[in-house]
Every structure is written in structure tokens, then in C-alpha cells.
Amino acid sequence: MRYPEGHKEKVRASIVASAARALRRDGLDGVSIPELMKEAGLTHGGFYGHFKNRDQLVAEAVMAAAEATGAAVLSEEAGDLDATLGRYLSSRHVQHPESGCVLAALGGEGRRQPAPVRRAFGRAARGFVRLLEEKLHPKSPAGRVSDDALRLSAQMVGAIVLARVLDDETLSERMLEAAKHAPRTSGPRRR
């Protein structure tokens with residue numbers, strides 16, 4: 001049977017999207033290839049027709065999740081900085097890691113992964129910081145990253161991580177609110 005043009009690319013994209021959700025939900029080591037393929041509605045046997053190994057799929061899933069966060073929360077279309085902080089630093093984000101920021105969901109696991117996956121996490125983190133730089137300083141020269149963007153990215157990701165591990169819902173909400181209202185800039189010092 002001959003598939004229509006673009007079928008293989010659509011299937012691959014579906015596998016990556018399913019893997020991005022499952023990995024953020026269950027952790028990098030919490031899901032096997034057969035489980036990832038089942039979640040995508042496919043059989044384990046079809047995996048190697050799309051990916052050379054698990055690391056390739058995980059790296060692509062990390063980047064797909066990072067791009068989704070960038071588009072939904074950090075892009076120009078997502079609104080101003082207050083809108084970005086409101087969407088990112090939300091109870092919904094805390095309660096649904098499967099559809100949230102890959103850095104907050106899996107960043108701590110990234111450094112212990114094989115090189116292709118570590119590189120994907122590095123690209124995702126750099127992209128996150130650059131998008132925040134654009135929000136904070138729209139006229140900043142390309143490639144420049146301010147201390148403000150570094151501080152705010154750490155504040156945002158850290159607040160989600162801590163809000164998820166706190167076993168007190170009130171304290172978790174306070175963590176998010178404190179992060180939303182913390183000072184965003186420290187002055188003109190930039191690198």
C-alpha cells in the first residue's frame with residue numbers, strides 16, 4: 001500500500017509530539033520506546049523507520065516541547081511580559097507538566113543524559129533565555145543576553161519546579177505569585 005506524500009513526516013511529528021507529552025509527564029527514564037509508540041497510536045516495530053535510536057527521539061521531543069512553550073508563552077503573539085508571566089507562572093502549568101515547559105519538567109534530568117539529549121536541553125535553555133531577552137529588551141542586539149533575562153529565566157523555571165514539589169497548595173500559590181511580582185530588571189548592566 002502506498003501512503004500519500006508527507007505521510008511519513010506526519011507520523012514522525014505525531015511520535016515526537018506524543019513523546020514530548022509523555023516524557024514531561026513521566027520523566028526521561030519513565031517511558032520506554034514501546035510505551036511511547038503505543039501513546040502515539042503505533043506499534044513498537046515502526047520506531048526504527050523514523051528514528052535511529054531513543055536518544056534521537058528524546059532530543060527531538062525536548063526541542064518540540066521547547067518550541068511549543070516558546071510559541072504559547074514567550075512569543076510576541078503571546079502578549080507582553082505580564083501576560084507571559086501570568087501564563088507561565090500559573091497553577092495550570094504546575095498541575096500539567098505534560099503540556100508545560102520542558103525545562104521545568106525535565107531540566108534537572110537533562111545533564112545526566114547522553115550527549116544528543118544534553119545538547120537539546122542546552123539549545124532549549126538558550127532559546128528560553130533569548131526569548132525572555134526579547135521580551136525584556138526588544139531592541140537588544142541579536143545574541144546579547146542581559147543579566148535580567150538570565151535572572152528572570154531562573155526565577156520562572158525555579159518557581160515552577162519548587163511549586164511542583166511543595167506539598168502545600170497555599171505555599172505553592174504564594175511561590176508563583178512571588179515570582180510574578182519580583183523585580184524584573186536591575187538596571188543597565190548587560191553583557
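Residues are numbered from 1 along each chain as its sequence is written, and side-chain values use heavy atoms, with hydrogens and water left out. Because the model is predicted, local features need pLDDT of at least 70 and side-chain atom pairs count only at pLDDT 80 or more, while totals for chains, interfaces and linings use all residues.

## The core

The largest nonpolar core has 52 residues. Such a core is a set of buried Ala, Val, Leu, Ile, Met, Phe, Trp, Tyr and Cys residues joined through side-chain atoms within 4.5 Å. Buried means under 20% relative accessible area, exposed over 50%, and partly exposed in between, with a 1.4 Å probe and protein chains only. Leu57, Tyr88, Leu89, Val102 and Phe128 touch the most other members. At least two core residues come from each of α1 (7–26), α2 (33–39), α3 (54–74), α4 (81–88), α6 (102–110), α7 (115–136), α8 and α9 (169–181). Helix α3 gives the largest share, ten residues. Helices (H or I, at least four residues) and strands (E, at least two) are DSSP runs, numbered from the N terminus.

Take Val102. Leaving aside neighbours within four places in sequence, Val102 is in contact with Arg24, Val62, Ala65, Ala66, Thr69, Gly107, Phe121 and Ala124. Contact means heavy atoms within 4.5 Å.

## α3 against α7

How do α3 and α7 run relative to each other? Their axes come within 8 Å and cross at roughly 10°, so the two helices are roughly parallel. Axes are lines fitted to C-alpha atoms, for helices over the stretch in contact, and angles run from 0 to 180 degrees between N-to-C directions. Angles under 35 degrees count as roughly parallel, over 145 as roughly antiparallel, 65 to 115 as roughly perpendicular and the rest as oblique.

On the α3 side, the contact includes Asp55, Val58, Val62, Ala66 and Val73. On the α7 side, Pro116, Phe121, Arg123, Phe128 and Lys135 are among the residues involved. By class, this contact has 15 nonpolar, one polar and three charged residues. Ala, Val, Leu, Ile, Met, Phe, Trp, Tyr, Cys and Pro count as nonpolar, Asp, Glu, Lys and Arg as charged, and the others, Gly among them, as polar.

## α4 and its cover

Leu81, Thr84, Leu85 and Tyr88 of α4 are buried. Seen down the helix axis, the buried residues of α4 fall within an arc of 95°, so they line one face. The arc is that of the directions from the helix axis to the C-beta atoms. An α-helix has 3.6 residues a turn, so residues three or four places apart point the same way. The cover over the buried residues of α4 includes α3, α5 (91–95), α6, α7, α8 and α9.

Helix α8 deserves a separate look. The axes of α4 and α8 come within 10 Å and cross at roughly 25°. These two helices are therefore roughly parallel. Leu81, Thr84, Leu85 and Tyr88 of α4 meet Leu152, Met156, Val157 and Ile160 of α8. By class, the contact has seven nonpolar, one polar and no charged residues.

## Single residues

| Residue | Relative accessibility | State |
|---|---|---|
| Ser153 | 8% | buried |
| Val73 | 10% | buried |
| Gln155 | 17% | buried |
| Arg151 | 35% | partly exposed |
| Leu171 | 36% | partly exposed |

Val73 sits in α3. Beyond four places in sequence, Val73 touches Ala78, Thr84, Arg87, Tyr88 and Lys135. Val73 and Ala163 are 90 residues apart in sequence, with 18 Å between their C-alpha atoms.

Helix α8 spans residues 147–165 and holds Gln155. What does Ser153 contact, leaving aside neighbours within four places in sequence? Phe128, Val129 and Leu132. Gln155, not counting residues up to four places away, touches Ala179, Ala182 and Pro183. Arg151 and Arg184 are 33 residues apart along the chain, and their C-alpha atoms are separated by 8.1 Å.

Leu171 lies in α9. Leu171 and Thr69 are 102 residues apart in sequence and 25 Å apart in space, C-alpha to C-alpha.
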